[in-house]
Amino acid sequence: MHDRPDSRNSQIIGRREFIRAATLAASGAVIFGPHAWVARASSVVNSRKRLVLVFLRGAVDGLNVVVPYDDSNYYENRPSIAIPRIGEGAVLDLDGHFGLNPALASLMPAWKEGLLAFVHSCGSPDPTRSHFDAQDYIESGTPGIRTTPDGWMNRTLAALPGKHQPTEALSVGAVLPRILSGSMPVANVSGRGAARPLPLDNPRIERVFDRLYNGRDPLSKAYQEGRAARQRLLGELRQDMAVADNGAPGPEGFPNDAARLAWLIQRDSSVRLAFISLGGWDTHVNQGSIGGQLANHLKPLGYGLADFAKRLGSAYDDTVILVLSEFGRTVRENGNGGTDHGHGNVMWIMGGPVRGGRVYGRWSGLSPADLYQERDLAVTTDFREPIVQVLLTHLGLSAIQIQKIFPQRLTFSGHLSTILRG
Amino acid sequence: MIRPSIQSGALPPGQRSLHVLNRLAFGPRPGDIDYVRQIGLENWIEHQLHPDSIAEPAALQQRIASLQTLHMTPEELFIRYQVPLRQLAPGDDKRAARQRSKIILRQAVQGRIIRALEGPRQLQEVMTAFWFNHFNVFAGKGLCRLWIGSFEQEAIRPYAMGRFRELLGATAKHPAMLFYLDNWQNTAPHSPGARGKFEGINENYARELMELHTLGVNGGYSQADVIALAHILTGWRFVRRNAPKTVNRPAFERASAFARAMRGLRFLFGRARQSSRPWRGGGFETGNGFYFDPRRHDFSAQTFLGQPIPSGGLDQGEVALDILARSPATANHISFQLAQYFVADQPPAELVERMTRSYLATGGNLRDVLQTLFFSTEFWERRHYGVKFKTPYEFVISATRAVGVPVVNVRPLTGAMALLGMPLYGCQTPDGYKQTQEAWLSPNAMMMRLSFATALGRGHLPLQHPMDEIAQDESGRTPEAMQPAVMRMPPAAVNVFAEPDSMALAATVGDLLSSPTYEAVWAAPPGLQAPLILGSPEFMMR
C-alpha cells in the first residue's frame, strides 16, 4: 500500500506483469507470435471486457478527493479549504490514513464492497503545468512528445482481437477527443438526444449522400463510420431509446451521459472502450471545502458513477472504470480560497474486476522536502501504469501489444500488479 | 494587373474569388462572387483590410443598434442586471433576476450572427471571431454573463486589425477577462487590501496570458515568470458599483448617466493617469469598468523574463504587456495561428517566418501581418485551396449565407453550433476552440452537418420567426415559437421558408463543386439538390 520505493521493481514492465501476460497467453485468451491469427476466433472469452475512461478536464484537486487526513501538513497548507478530519462534513475514512471527500458519499458502498480503489501520487512524468499540453500528453499516451498523431485508446482498439464493430470504441460528446483519434474507426454520440431522428435518417436522403461520400478520404471515412454507428446503435432500438428519453433530451451533465452510456453498453455488448470527459475542475478561486464549487462538481460525478455501475447490471462484472485528470493542484491554497496548477494527483479505479478497498501507490507525502518543486504533490506512479494493468490483466493484451500503445520506455513502481482480479 | 503572388499559385480565376470569400469572409452570399470579380480581387481585399471604407447598410446598423445591451458599458450592465438580493422588488426572486440578465447573451449572439451573415465588413467579422476565440471568455462563468457582449464590442472588434498591443491591453483590462481568469482577485499578500478571499496571489491569468495569449506554451517562460507576472498584475480589478439602495427611476438614471459619462474616459494604455477618475485609497479607473487598486497591488520590483521591472503600480503591468507584445515568441505564436486559420492546418514555416518578421518590423501591426499573408504566394497556392475543414461555426454561417435567406431567428443556427460541439460564447476553457480538421471531423459531426444541410436546404428551419420579443423581452420567457426543434425534423415537416432554389444556390457557390459532386447533385430529385450542395464534401471545406 504505502510501500517504500524499490528500484528493483522499476523495469520496463514489471516482471510479474510480464509473467501474467505470458500466463494469459498460454491460457489461450491472448496469443502473440506467429500464430496470432489463430487466437482471433477463440478470443470470445474476453470479448465483453471493457474499459470506461472518465477524464476530468481542468485538473481536479486530488488532495481534496482522497484526503490525507492524518497528515498535519495537509491542514497547515489549507486553512480554509481542507476537508475536516472530524465533525460536520468530515472525511469518510478509507483506511486510517486517507479519507474520501464527503461529496462522494455515494461511492462509499463501492469502496466497502471492495470494488473501488485509488492510486495516489499518480500522474504524468512530464512537468508541464499547461492544461492543454498535459491533457494532450495523457490522451496521446506519450508525455513530452507533441507529434504523436493518434490517441492511446485508438491504438488500444487496434490491438483488440476479433472483428471490429463500428461501436467498439465510443465517445460520449459532440466532438471526437484526441485520445480516440487515429486510424481505427470509432464512434461518437452526442450526450443529449442521441437517438432522436435526424433528417439524414430518411433512406431517400441517406442514399444520395452515400453517393457523395463513398471514397476513402477522411470525410468519407467519417461519414461511413457515422452511418454504421448510427445504424448499429439506433436501428432497431430507436423506439426503445425514444421511450428511455421520453421523447425529449434529458438535462445535460455527467449522470445523464453516464446513464446513456450504460444504456448503450447494456444493449450493445460490442462496446469495449468508452470515453467521457467533463470539465469544471479548474478551481483557482473559491474552491470551497465541504460545500462549494468542488463539492458541487464531485456530487454529480460520484452519483453518476454509482448509478452507472447499477445500470450496467451484470455487465459491471466485466467493466473497469478509470477516472483521471491531467495533473493535480498546489498543496497550498492560494490567496483566493482556491488552488493553482500542480503535479501529482489521484486516479480512481472502479468496477467488478477491481481489487478495491485500498489506496494503492507510494504516498509521496506533504512535508516541504517531499514536494515536487517545493509546491506540489510528487508523482510516484506514472499514469500509464494503472492503464497498462487494465490492458494486460483485464483486456488481455500482450506486453508486445502494449509497447505499441505506449511506445516510450516506462518506469513502473510495480505496486499495482494485484489491483485487478485476473 | 494581378499581383504575381496571386498569379503564381495558378488558381483558375473563378476559384480565386471563391478562395478569398471562403477565407477572408464566411463564404459567398448570392452575387458575392460576381461582385469580387467586378471590383477586382486586390481591391476587394484592400477594402476588407480597411473596414471603415465599406459602408454598412442602414438596416443592419439599425438592427445592431436595437440590441441595447451591446451598447452598454460594463458598469451599466452591472448596475442594471446584477441586482443585489436586498434590492430585489417584492415578489421578484434571484432566479428571475438571473433570467433577466439572459438577454445579454441573447443579444450578443444575435449581434454576432447577424453581422457574420449579412455584414459587408466580412474580414472584420472573421477577425473578431478569431480574436474572441484567442482571448476566449466563457459566458457561463459567473459575472461573465453580464459582459460577454461588451467584451467583444469594446475589447475585441475595435482592435481586430489594429495593433496587437492595444488588443492585448483591452482584453487584459476588460471586466470579462478579469473575472474569467480570476485576476480581479489576484492580491499582493499582506497588502492593505488583502482580506477574505483576496488574500494573495492567483496565477491563473498570468499563466494563460503567456501560454495562450502571447508567448505560446514553448515561448520560453518559467514558473518563476508566472509568479512574477502574477505579482505585477495584482490590484487589477473591475468597478462593482450597485445602483442606490432603493431602486427609484431617477437614481437609477443618475447612476447610468454617470456610467455613460465614464465611457468618455476610456483609454487603454493607462499611462495618462491624470485624466482617470481617482478612487479612495489612491486607486483609479481607466474606463470600461477597469480600476486599479493600489491597496492590493504589490509595488515591489520584479524580474520578468529576465528583464528588471522597477517598483511601481499599474505601469508595471503595462511594461509587462509591452514586453509580451514585443516578444519574437509572441510574434511567432500569433503568426502561426493566423496562418493556420487562413492557409492550412500545418502552415508553411516560411510564411509564418515572413509574417513574424512583418509583425516585429511594424510593432505588431495586425493589418500589416494580414497583408503579408494575403499577398503571399503560399496563400494562393493550389495545394492550399479548399483544404481547411470548416469549424461548426463556419459551416453553419457559410451555409446560411449561401442560401441567402434573410434570418430573423438565429436559434436554429446557434442550436446547430451547440449540437456540433461549438456553442457560441460557450467554450469553457481559455484556449478557445481549435481550428483544425483533426479537432472537428468526427463520425457524429458528419451526421449532424448533413442533417443541418438537409433541414436548411429543404427550407425547414424556422429562420424567419419574429425575434422582436427576444430583442426586447427581459422576462426571460421564451415563447414556444422560439424553441424550434433544431434539427429534429419530422419527415413531413412543413416548409417554413421558401425552399432554396438549387440552380441559384449552385450559381452562388460558383466553381465550388467537383464534377462527380456536380453529377450527383443533378441526378438527385429536385428537392434534395440544395441539401446535397450544402452537404457536399466541397462545402465542408473552405
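Helices (H or I, at least four residues) and strands (E, at least two) are DSSP runs, numbered from the N terminus. The expected span of a helix is 1.5 Å times one less than its number of residues. Take helix 16 of chain B, residues 328-342, in this predicted model. This helix has 15 residues and reaches 21 Å from its first C-alpha to its last, close to the 21 Å expected.

This is a predicted model, where local features need pLDDT of at least 70, side-chain atom pairs count only at pLDDT 80 or more, and totals for chains, interfaces and linings use all residues. Residues are numbered from 1 along each chain as its sequence is written, while chains are lettered from A and ligands numbered from 1 in the order in which they are written.

Stay with helix 16 of chain B. Its buried residues include Ile334(B), Leu338(B) and Phe342(B). A residue is buried if 20 or more other C-beta atoms lie within 10 Å of its own, exposed if 12 or fewer, and partly exposed in between; C-beta atoms are placed from the backbone. Among the elements that cover these buried residues are helix 2 (13-23), helix 8 (122-134) and helix 17 (349-361) of chain B.

Now step back to the whole of chain B. Chain B has 27 helices and 6 strands. Of its 542 residues, 54% are buried. Two residues are in contact if their C-beta atoms, placed from the backbone, lie within 7 Å. Among contacts in chain B between residues at least 6 apart in sequence, 73% link residues at least 24 apart.

The domain assignment, automatic or from a database, gives chain B domain 1 (50-236 + 303-326) and domain 2 (392-540). Here 27 residues of domain 1 of chain B touch 21 residues of domain 2 of chain B. On the domain 1 side, helix 7 of chain B gives the largest share, 14 residues.

Next, look at where the chains meet. This contact takes 48 residues from chain B and 43 from chain A. Helix 22 of chain B supplies the largest share of the chain B side, 9 residues.

Finally, turn to chain A. An open sheet of 3 strands there has the order 2-4-3, with antiparallel pairing. Two strands pair if DSSP finds at least two bridges between them. The edge strands are strand 2 (66-67) and strand 3 (92-93) of chain A. Strand 3 of chain A is joined to strand 4 (residues 99-100) of chain A by 2 bridges. Leu92(A) stands opposite Leu100(A) in strand 4 of chain A.
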